[in-house]
Amino acid sequence: TVTGALLATTGLTKRYGPLTAVDHVDLSLGRGIVGLLGPNGAGKTTLLRILATVLSPDAGDVRLLGLDPTEPKERLEIRRRIGFLPQSPRLYGGFTPLEMVDYVAILKEHTDKTWRRNEARAALEALGLGDRMHQRIRTLSGGMQQRVALAAALIGTPQLLVLDEPATGLDPEQRIALRSVLAGCADEGTVLLSTHNTAEVSALCQHVLVMDQGRICWSGAPEDLAAAAQGQVWESPHD
Ligand code: ATP
């Protein structure tokens with residue numbers, strides 16, 4: 001384990017009956033944006049859910065921000081300090097984006113109302129939702145709803161951001177906006193995101209992990225990915 005790693009795992013394993021969805025994964029991530037690629041069913045979502053503390057592994061160790069998620073007190077602190085975008089985010093359709101992001105900030109025990117509102121506004125504006133902040137979420141497009149969930153994950157500029165396919169449903173302009181937001185987060189911390197888009201990885205990430213059948217089968221710089229991917233099953237088409 002690299003000293004100062006914000007995210008570290010050893011032997012991380014998760015099984016569903018006979019299927020090993022995550023198979024002895026060892027990770028040690030410092031600052032920067034890390035992309036997680038891999039075919040459908042590779043185990044990306046399962047791994048990210050474990051790292052967001054919403055799923056427990058069957059075996060192996062996890063350290064997040066230097067804390068142990070199996071200790072209840074430390075798990076609560078982790079949950080306050082990380083941002084997580086699930087694969088299918090659940091939003092309250094009757095809330096406005098501003099109310100939704102504010103609510104997540106309350107759950108994270110940010111007690112200063114003015115601070116919360118300012119942070120929520122800034123996150124929504126950075127993601128191009130400045131003119132939609134007061135409209136009910138259920139009346140927004142799918143891509144807009146995805147950005148509300150992203151804004152909620154970004155609240156408080158977490159040192160560790162875990163994002164399951166953050167660019168899904170975003171148009172090219174909004175993908176570019178997302179890049180600059182994530183680059184800002186990566187100055188201070190670790191961003192780990194899954195994607196099927198190899199072009200996105202090259203544009204965004206400093207490091208790439210490729211997962212297949214529960215294992216990390218390749219790890220390296222984005223510029224080396226194309227050569228490594230030649231003829232591999234995990235070569236994914238550009239979206
Ligand atoms: P995709 O790119 O399609 O999102 P993924 O890499 O995120 O795929 P996972 O969703 O982590 O893959 O799934 C990994 C494997 O674990 C799959 O074979 C899946 O069917 C299985 N799996 C995931 N969740 C469960 C569950 N709750 N019960 C049983 N099997 C599961």
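Reply: Start with who's tucked away in H1: Lys44, Thr46, Leu47, Leu48, Ile50 and Leu51 are its buried residues. Buried here means under 20% relative accessible area, with a 1.4 Å probe and protein chains only. Helices are DSSP runs of H or I, at least four residues, and strands are runs of E, at least two, all numbered from the N terminus. Bear in mind that this is a predicted model, where local features need pLDDT of at least 70 and side-chain atom pairs pLDDT 80 or more, while totals for chains, interfaces and linings use all residues. Numbering runs from 1 along each chain as its sequence is written, and side-chain values use heavy atoms, leaving out hydrogens and water.

With 6 of its 8 residues buried, H1 is largely enclosed by the rest of the structure.

Now the ligand. Its shell has 14 residues, and Asn40, Gly41, Lys44, Thr45 and Thr46 come nearest; a residue counts as near if one of its heavy atoms lies within 4 Å. Polar contacts are pairs of N or O atoms within 3.5 Å. A backbone N or O atom of Gly43 sits 2.9 Å from a ligand oxygen, and a polar side-chain atom of Gln87 is 3.0 Å from a ligand oxygen. Strand E2 (19-29) and helix H1 (44-51) are the elements giving two or more residues to the shell, and H1 gives the most, with 3.

Key:
Polar contact = N/O pair within 3.5 Å; in protein donor to acceptor, adjacent residues only side chain to side chain. Buried < 20%, exposed > 50% of the residue type's maximum accessible area, 1.4 Å probe, protein only.
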